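Reader: Hello! I am new to this protein and would like to learn how to read it. Could you take me through the main features?

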Amino acid sequence: MRRPSKIAPAKGKLGVLTPGMGAVTTTFIAGVELIRQGKATPIGSLTQMGTIRLGKRTENRIPQIKQFIPLAKLDDIVFGGWDIFSDNAYHAATKAGVLGPEHLQQARPLLRSVKPMKAVFDKNYVRKLDGTHVKKAKTKWDLAQKLQEDIENFRARNKVNRLVMVWCGSTEVHLTANRVHRDLRSFEKALKANHEAIAPSMIYAYAALQRRVPFANGAPNLTVDIPALQELAQQKKVPLAGKDFKTGQTLIKTIFAPGLKSRMLGLSGWFSTNILGNRDGEVLDDPSAFKTKEVSKLGVLEHILQPKVYPELYGNFYHKVRINYYPPRGDNKEGWDNIDIFGWLGYPMQIKIDFLCRDSILAAPIVLDLVLFLDLAQRAGLRGIQEWLSFYFKSPMHGPGLYPEHDLFIQQMKLKNTLRWIKGERLITHLGTEYYD
Ligand SMILES: NC(=O)c1ccc[n+]([C@@H]2O[C@H](COP(=O)([O-])OP(=O)(O)OC[C@H]3O[C@@H](n4cnc5c(N)ncnc54)[C@H](O)[C@@H]3O)[C@@H](O)[C@H]2O)c1
């Protein structure tokens with residue numbers, strides 16, 4: 001791939017479109033608004049708080065990322081989206097119960113102004129939900145046209161220069177690749193024939209790509225992990241990223257597992273259980289939606305620990321993930337890990353991690369970073385899968401024949417080196433012999 005020769009400036013407004021306006025979306029919108037008002041700090045956001053080292057350690061060049069590369073300003077962001085419930089973002093945020101009343105009140109005028117457009121929804125793909133705020137049309141193709149009209153109307157009404165779409169809708173039932181996904185022609189034929197292998201999230205993604213809107217997939221759904229939509233992204237020159245925001249337990253796993261492996265400590269078992277009581281938890285209570293999440297969560301250790309390369313250490317570990325819907329906890333999830341490891345001479349040891357986390361508090365800054373980085377990617381002329389954004393996902397998208405990179409520290413290095421590469425700065429390898437010549 002050639003280095004971008006120029007980056008178009010981040011001029012004018014940037015529209016953020018989210019299919020799904022539940023806990024994550026409303027926490028993201030409210031947070032951005034509070035930060036804009038100077039009442040909050042963007043904790044958890046690399047684009048807002050992170051720095052990047054340039055050149056040698058002795059040069060002392062460590063600008064903030066947002067000063068180093070031209071990102072859109074928070075003041076230029078405009079919000080919109082779709083949901084199967086007609087609640088405005090203030091009502092949805094109140095129901096989600098993530099933020100306290102003091103935050104909700106301060107962000108209220110903006111939240112109230114964000115009203116969802118009618119959704120493309122089919123209960124066969126999210127069995128636990130029933131909504132009335134839903135588009136009607138004869139075929140999935142017609143629905144895709146209606147979504148494209150929504151996108152263009154939003155663009156014109158809000159006078160936005162650029163758009164990014166982030167799927168923050170519920171997790172859909174588990175789908176596997178089907179022959180109608182293999183190329184764009186088959187996919188479009190299937191849209192017209194209402195084929196069951198085309199899920200609502202794919203219809204949103206198709207509409208976004210057709211309108212040249214970068215797309216990120218925050219859920220573990222198949223969505224853009226299919227050749228047809230990747231072909232469309234290449235054809236329309238649009239960047240893509242996914243999938244499944246890496247927030248609670250999997251974030252911890254990808255911080256911890258690389259550490260065990262780097263010290264050559266063995267693993268015999270990793271049991272992960274979660275209790276959560278939000279709507280996401282309710283949707284995941286359906287075994288077919290849980291299956292989608294389970295596949296996304298299970299791949300992580302296999303790829304980080306490489307059992308084939310280290311059979312004595314990782315050839316035989318038992319990995320189990322459970323998610324239990326437990327309403328009293330709301331959005332405040334408990335992710336509990338029991339890790340059985342072994343060391344010198346095979347002596348066993350145990351590690352327990354109990355992460356009392358807040359799902360949407362961890363997810364909101366990820367949405368912000370993805371929006372800003374995908375917009376940057378589009379302005380820099382990058383298209384298709386953006387592997388450097390793996391940092392944000394449980395199941396990073398990757399090119400054919402490649403394995404996904406799950407190690408958070410490699411992901412971070414890849415992300416920062418990509419930013420250096422885009423700007424024509426020297427890449428940092430951490431070799432460091434030059435300091436001792
Ligand atoms: N919060 C996290 O930490 C986290 C981490 C990884 C992935 N995710 C995923 O992000 C998504 C959002 O999470 P959440 O906690 O906000 O869930 P949520 O249930 O609060 O919100 C999802 C919203 O999507 C709506 N929806 C469902 N199908 C839709 C459709 N076809 N079109 C438009 N709207 C639709 C629902 O009505 C709901 O309001 C879920 O898929 C979840 O699995 C969340």
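Author: Gladly, and we begin with a term: helices (H or I, at least four residues) and strands (E, at least two) are DSSP runs, numbered from the N terminus. Here, helix 14 gives the most to the shell around the ligand, with 4 residues. Please keep in mind that this is a predicted model, in which local features need pLDDT of at least 70 and side-chain atom pairs count only at pLDDT 80 or more, while totals for chains, interfaces and linings use all residues. Residues are numbered from 1 along each chain as its sequence is written.

Reader: How many residues surround the ligand, and which are the closest?

Author: A residue is near a molecule or strand if its C-beta atom, placed from the backbone, lies within 6 Å of it. In this model 35 residues surround the ligand, and the closest are Gly20, Gly22, Ala219, Thr247 and Arg279. The elements that give two or more residues to this shell are helix 1 (23–36), strand 2 (77–83), helix 11 (279–284) and helix 14 (359–379).

Reader: What classes do the residues of the shell around the ligand divide into?

Author: Ala, Val, Leu, Ile, Met, Phe, Trp, Tyr, Cys and Pro count as nonpolar, Asp, Glu, Lys and Arg as charged, and the others, Gly among them, as polar. The shell around the ligand has 19 nonpolar, 11 polar and 5 charged residues.

Reader: Which domains is the protein chain divided into, and where does the ligand lie?

Author: Domain bounds come from an automatic or database domain assignment. The chain is divided into domain 1 (13–245 + 360–423) and domain 2 (249–356). The ligand lies between them, because both domains give residues to the shell around it. The C-alpha centres of domain 1 and domain 2 lie 26 Å apart. Two residues are in contact if their C-beta atoms, placed from the backbone, lie within 7 Å, and the contact takes 26 residues from domain 1 and 26 residues from domain 2.

Reader: In what order do the 7 strands of the open sheet come?

Author: Two strands pair if DSSP finds at least two bridges between them. The 7 strands form an open sheet in the order 3-2-1-4-5-6-11, with parallel pairing. Its edge strands, strand 3 (117–118) and strand 11 (384–385), each pair on one side only. Inside the order, 6 bridges join strand 1 to strand 2, where Gly15 stands opposite Val78. Strand 4 (residues 160–167) and strand 5 (residues 215–217) pair over 3 bridges, with Val166 opposite Ala216.

Reader: What does helix 14 touch when it packs on the sheet?

Author: For angles, axes are lines fitted to C-alpha atoms, for helices over the stretch in contact, and angles run from 0 to 180 degrees between N-to-C directions. Helix 14 touches strand 1 (13–19), strand 4, strand 5 and strand 6 (239–242), and its direction makes about 130° with that of strand 4.

Reader: Are the residues of strand 2 mostly buried or exposed?

Author: A residue is buried if 20 or more other C-beta atoms lie within 10 Å of its own, exposed if 12 or fewer, and partly exposed in between, with C-beta atoms placed from the backbone. Strand 2 is mostly covered, as 6 of its 7 residues are buried.

Reader: Which order does the open sheet of 4 strands have?

Author: That sheet has the order 8-7-9-10, with mixed pairing. Strand 9 (residues 334–342) and strand 10 pair in the antiparallel sense over 9 bridges.
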